[in-house]
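Hi everyone, thanks for coming along.

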Amino acid sequence: MIELSQVCKSYLRGENSSVHALRDISFQVEASEFLAIRGPSGSGKSTLLNILGCLDVPTSGTYRLGGEDVSRYSDRELSRVRARRIGFIFQSFNLLPGTTARENVELPMIYGAGRVDRKKALALLDRVGLNDRASHFGNELSGGQQQRVAIARALVNDPPLILADEPTGNLDTAASEEIMCILQELQREGRTIILVTHDDAVASYAAREIVLRDGAISADLRRQANLANDASVPPEMNHADRS
Amino acid sequence: MQIAAEAVLAFRSMARHRLRTFLMMLGVIIGISFLTVLNSLGEATKQESMKRFKNMLGTFDTIIIRPGAGRTRGMVSLTNVPATLKFDDVQAIISEVPGVKQVAELQNAFDMDVKYRDKAASTAVFGVSSNWLELRGDEVAEGSFFSVDDDKALARVAILGTDVQAHLFPGESSIGKTIRIGDVPFQIEGVLKSRGAGPGGGSLDDLILIPISTASKRLFNRDFLTMLIVQLRDPSRSDADVHAITTLLRERHHLAPSALDDFTMSNPRAVMAQVTQMGSTLSKTLEGVAILAMLIGGVVIMALMLIGVSERRREIGIRRCVGASRVDIMLQFILEALTISCLGGVIGVALALAGTNVVARLQKLPLALAWDVLAISAGLSLAVGVLFGIYPAWKAAHVDPIAALRA
């Protein structure tokens with residue numbers, strides 16, 4: 001599904017010096033995997049998320065997504081990939097201000113299919129349990145509800161890859177569990193979930209964990225994933241080889 | 001991209017930021033409305049001054065010759081001109097300058113006492129040749145004008161301007177009645193059609209016309225003229241004719257080569273061009289001001305849009321993540337700028353139409369709405385929207401989505 005090989009990303013700082021945000025990152029993610037990416041701030045998580053999410057291209061190395069080398073794609077081509085194959089979920093929900101839940105879910109269809117399918121949007125809201133909130137505005141919904149709208153929005157173009165950036169960071173425990181439960185369900189459908197988080201409890205839902213430090217992978221761990229609504233059981237960690 | 005869905009979102013965003021949207025439109029509204037009003041009024045003023053000018057000068061294939069060097073201010077009369085233009089000069093011009101078709105002569109005096117029974121008036125008396133009416137483009141409204149024979153016979157006949165008619169004969173016909181100009185009795189043969197106001201705004205109807213021979217021999221006892229109207233066969237050759245007449249008159253008046261002309265010639269075409277030129281210089285300046293207002297409006301649009309972009313970084317990030325390319329984002333913001341500037345343009349034109357109507361009514365000017373100005377306004381609105389929308393739109397397209405969404 002995902003194949004990064006020797007991906008580097010550096011930014012120019014001033015005239016001649018450059019900052020290496022990512023160095024020599026290589027790993028593979030299979031379809032239907034649930035992967036957590038962790039690491040202290042400044043470790044390169046954002047940069048990696050940008051590249052995985054096709055919002056940026058690597059300075060060197062290759063990124064293959066679903067067998068397609070996207071590492072030299074133009075902005076327009078990357079946008080097409082984002083629209084059709086990647087769903088984003090963020091910590092701060094990021095619903096469009098002044099728009100209803102349904103309109104938020106419809107937004108990706110404007111850029112993806114180019115045709116808004118209202119029934120599909122409503123069906124997805126129904127799926128995340130918000131069929132009665134379709135015409136509510138973002139600020140009329142609770143945090144958990146907003147995040148569920150965001151998940152429905154991420155799913156509307158039926159992408160095989162879901163990128164979740166601290167999806168429970170702004171939620172209480174109960175709402176967090178709801179969200180993680182939905183993510184696990186998406187994984188069982190065959191979608192690949194990549195989760196960026198600081199939170200151990202949240203990370204424990206993932207069967208695999210990549211730890212970043214100073215722009216490089218410092219650990220790649222595999223373990224028995226926690227099951228939804230079973231967060232009390234401490235996960236059993238297995239150290240795997242760095243890939 | 002589905003434009004309709006986008007437009008709904010854009011309008012809702014504009015509705016949410018009503019004040020900002022209004023401020024963004026304001027510059028365009030002011031610029032466009034001023035441009036349209038100024039242009040319409042400029043056009044109306046030009047037409048009006050052309051009309052008044054025509055009122056004063058009559059037809060356009062004529063040259064006017066006045067006695068005296070330099071410019072005599074105001075309307076000339078027997079009391080304020082040198083006695084340099086004689087009847088003989090007129091004969092010479094007619095016989096020796098082939099480009100001249102005919103010449104009308106004028107000998108006039110202001111503030112002449114006129115009496116009819118117990119009514120008295122003080123008015124201008126113009127002694128004119130019988131072709132005067134034709135060369136001035138005037139008409140007789142009632143009765144008839146005098147003939148060449150009347151002139152030759154020193155007939156004491158008079159034609160009244162409408163002001164004099166109204167003053168001496170209120171509510172009755174004057175034809176056939178006898179008035180006294182000075183102490184000389186004149187029989188009224190006709191009444192002129194009203195000509196309204198001259199360029200200075202004064203009435204052109206407060207006068208009496210009598211045959212010039214009668215005037216010079218019976219009334220004024222003068223053998224010089226106050227004005228000649230020379231009609232040309234070919235107005236496009238007026239420069240050559242002016243030269244020929246100048247040479248002839250200088251020769252007849254025995255002027256040394258170094259001496260100034262003792263007469264003044266004006267070519268109505270040139271004066272006309274000057275008046276029109278003056279009008280268009282004025283409206284060009286005002287248009288410049290209006291365009292400046294538009295530019296300021298554009299800068300306001302740009303500044304407020306830049307603020308908008310930094311406030312909407314999150315929205316931009318979301319759109320980018322769900323598949324908007326940089327081009328899509330740029331188009332969105334340019335479309336918003338265009339919508340605002342074009343709405344401003346529409347409001348501006350609407351205000352201008354209202355304003356033009358009001359001013360035209362107050363100033364009693366004919367309303368002249370120039371449709372080409374509307375086209376220019378539309379073009380300018382679009383141009384301002386695109387021109388000042390591009391940079392903020394570019395900024396918007398280069399917002400880092402993840403950074404914006406993590407903030």
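Predicted model: local features only at pLDDT ≥ 70, side-chain atom pairs only at ≥ 80, totals over all residues.

Let's start with chain A. It has 7 helices and 11 strands. Of its 243 residues, 46% count as buried. If we take the contacts in chain A with a separation of 6 or more, 64% come from residues 24 or more positions apart.

Phe93(A) sits between strand E6 (86-90) and H3, and its phi is positive, near 60°, even though it is a residue other than glycine. Is Phe93(A) buried or exposed? Phe93(A) is buried, because 24 other C-beta atoms lie within 10 Å, and 20 or more is the cut-off. Glu166(A) is not a glycine either, and has a positive phi of about 50°. You'll find Glu166(A) in the loop between strand E7 (161-165) and helix H6 (173-188). With 19 other C-beta atoms within 10 Å, Glu166(A) is partly exposed.

Next, the helix pair. Helix H3 (residues 101-111) and helix H4 (residues 118-127) of chain A pack at an angle of about 115°, and their axes are 9 Å apart. The crossing of H3(A) and H4(A) is right-handed. H3(A) brings Ala101(A), Arg102(A), Val105(A) and Glu106(A) to the contact, while H4(A) brings Arg118(A), Ala121(A), Leu122(A), Leu124(A) and Leu125(A). By class, that contact has 6 nonpolar, no polar and 3 charged residues.

So where do the chains meet? Here 25 residues of chain B are in contact with 26 residues of chain A. On the chain B side, helices H1 (3-16), H10 (313-321), H11 (326-363) and H13 (401-406) each supply at least two residues. That side is made up of 11 nonpolar, 5 polar and 9 charged residues.

Finally, stay in chain B and find helix H8 (residues 238-252). Its 15 residues reach 21 Å from first C-alpha to last, close to the 21 Å expected. Which residues of H8(B) are buried? They are Ser238(B), Asp241(B), Val242(B), Ile245(B) and Leu249(B). Turned away from the buried side are the exposed residues Asp239(B), His243(B), Thr247(B) and Glu251(B). After H8(B) comes His254(B), with a positive phi near 55°.

Definitions and conventions: Residues numbered from 1 in each chain as written. Chains lettered and ligands numbered in written order. Helix = DSSP H or I, 4+ residues; strand = E, 2+ residues; numbered from the N terminus. Expected span 1.5 Å × (residues − 1). Buried ≥ 20, exposed ≤ 12 C-beta atoms within 10 Å, placed from the backbone. Axes fitted to C-alpha atoms, helices over the stretch in contact; angles between N-to-C directions. Left-handed = near helix turned anticlockwise from the far one by under 90°. Contact = placed C-beta atoms within 7 Å. Nonpolar A, V, L, I, M, F, W, Y, C, P; charged D, E, K, R; others polar.
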